[in-house]
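Dear colleague,

My notes on helix packing and on the ligand follow it.

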Amino acid sequence: MTFFLFTRSKLLAEKAACLIPAGCHTYSKGDDQFPFLAPGFIVKGSGCYVTDVDGNEFLDWGMGLRSVILGHCYPAVLEAVYRQLQMGVNFTRPSPVEAELAQLLTDLIPSAEMVKLAKNGSDVTSAAVRLARAYTGRDYVAVCREQPFFSFYDWFIGSTPCNAGIPEAVRELTLKFSYNDPAGLEELFRLYPDRIAAVILEPVSTEAPQAGFLQKVRGLTRSNGTVLIFDEMISGFRWHLSGAQEYFGVVPDLSTFGKAMGNGFSAAALVGKREIMELGGLTHNREKVFLLSSTHGGETHAVAAAIATINEMREKKVIDHVWRIGQKLQNGFNQICEESGLSEYVRMSGYPCSPFIVCMDRRGEVSLPLRTLLLQEFIKCGVLIPYISISFSHTEEEVDSTLEALRKVLVVYRKAMDKGVERFLVGPPVKPVFRKYNWL
Ligand SMILES: Cc1ncc(COP(=O)(O)O)c(C=O)c1O
């Protein structure tokens with residue numbers, strides 16, 4: 001086993017913590033989301049491998065918060081970006097690539113009649129909510145309770161325990177319903193008649209939709225005059241090239257895409273029905289919606305990256321690859337857990353295209369300390385697996401090396417279950433991102 005040192009990572013973390021609140025610019029990349037013995041800063045990546053600031057190399061299953069679907073430094077995308085960089089990145093008028101990407105998305109995605117581009121997911125989900133409010137003339141928004149994140153803006157963060165700085169008046173406008181509970185959603189419509197502007201959910205995430213659930217949500221939103229928004233930031237370009245809406249055969253009014261769309265470059269899209277999207281346009285006589293408008297919204301090389309990524313995904317049948325590799329990883333993982341007699345406590349669940357690891361203690365409760373230990377032990381084997389984001393660069397070889405690592409990890413896991421996790425875990429367990437106080 002390689003012995004990894006994180007000396008430079010630790011020094012840089014101290015410096016970064018003095019300069020940057022949370023030490024980084026995305027909470028899920030923060031120190032509290034990783035074991036103490038983990039790479040703190042990544043310098044470079046190639047395919048599905050990354051090198052940290054100490055020169056350690058890791059097999060990467062996180063892939064930039066699920067944004068890198070083809071692989072780090074993927075040549076076809078870099079070439080498209082480089083070509084565009086040489087022509088300029090931002091102009092006084094739009095660049096033709098904006099219309100090219102919009103065309104590509106409308107050709108692919110069932111709900112896409114018009115497209116508005118942006119730089120990140122939070123902007124497009126928030127724009128979708130504003131548009132829905134303007135379209136319906138209503139204020140309330142219903143979000144799916146079990147799904148952790150839709151946006152860093154007030155309308156959503158106000159509904160989490162981390163709601164400091166968000167006025168009560170804003171918080172009150174966000175309602176919650178549960179996934180796979182159509183009766184609960186129906187009840188919300190009964191409690192707030194003609195007042196709910198939008199229902200927003202990921203069409204699928206960790207849990208599979210029960211038969212008819214998404215159709216029921218579609219029916220309820222339609223009959224109540226509410227805009228249905230699918231957040232496809234994760235499910236888009238993973239369940240299906242045309243989104244989970246195509247996979248499940250349910251077409252929302254608006255939907256949002258990002259992450260995998262740009263292979264790590266900053267590209268996101270709000271797409272939807274013309275009748276609604278047009279409110280953000282310049283040719284109608286209704287009240288104008290100030291939809292999405294930012295200096296960098298159409299940054300040419302990021303748009304070029306998205307075009308190249310989508311074309312590559314289509315040509316190389318990347319989604320089929322993701323499902324196949326995911327299935328192999330999931331089968332192998334669960335078989336090894338079974339052989340080790342630990343399958344009650346560790347397993348890989350979810351859809352093969354987006355699997356996740358569940359760590360439970362002897363009481364059958366999800367355990368953050370055990371999860372942290374699992375991450376720590378995988379890192380010792382050179383595998384960085386905070387979550388699983390399968391890319392085109394992950395092959396059978398990476399599945400095999402991960403499974404080989406798992407056998408070693410489970411030896412420690414078993415000891416931890418017998419003797420106490422604190423004896424094996426170095427440093428504190430990972431913590432939930434949405435906690436009210438840091439010390440919780
Ligand atoms: C489902 C979902 N929606 C929205 C977002 C926000 O996207 P971004 O981080 O690009 O702002 C995320 C980010 O993790 C997400 O997972």
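I begin with helix α13 (residues 318-339) and helix α15 (residues 396-419), whose axes lie 10 Å apart at an angle of about 20°. Axes are lines fitted to C-alpha atoms, for helices over the stretch in contact, and angles run from 0 to 180 degrees between N-to-C directions. Helices are DSSP runs (H or I, at least four residues), numbered from the N terminus. α13 and α15 are therefore roughly parallel to each other; angles under 35 degrees count as roughly parallel, over 145 as roughly antiparallel, 65 to 115 as roughly perpendicular and the rest as oblique.

This is a predicted model, in which local features need pLDDT of at least 70 and side-chain atom pairs count only at pLDDT 80 or more, while totals for chains, interfaces and linings use all residues. Residues are numbered from 1 along each chain as its sequence is written, and side-chain values use heavy atoms, with hydrogens and water left out.

The crossing of α13 with α15 is right-handed, a term for a near helix turned clockwise from the far one by less than a right angle (left-handed if anticlockwise). Among the residues in contact (heavy atoms within 4.5 Å) are Leu 329, Phe 333 and Ile 336 of α13, together with Val 399, Leu 403 and Leu 406 of α15. The residues of this contact comprise nine nonpolar, two polar and six charged. Here Ala, Val, Leu, Ile, Met, Phe, Trp, Tyr, Cys and Pro count as nonpolar, Asp, Glu, Lys and Arg as charged, and the others, Gly among them, as polar.

α15 also packs with helix α14 (residues 368-380), at an angle of about 135° and with the axes 9 Å apart. α14 and α15 are therefore oblique to each other, and their crossing is right-handed. Residues in this contact include Leu 373 and Phe 378 of α14, and Leu 406 and Tyr 413 of α15. They divide into 11 nonpolar, one polar and one charged.

A polar backbone atom of Gly 121 is 2.7 Å from an oxygen atom of the ligand. For Ser 122, a backbone N or O atom lies 2.8 Å from a ligand oxygen atom. A polar backbone atom of Phe 149 is 3.3 Å from a nitrogen atom of the ligand.

Yours sincerely

Notes
Helices (H or I, at least four residues) and strands (E, at least two) are DSSP runs, numbered from the N terminus. A polar contact is a pair of N or O atoms within 3.5 Å; within protein, one must be able to donate a hydrogen and the other to accept it, and residues adjacent in sequence count only if both atoms are side-chain atoms.
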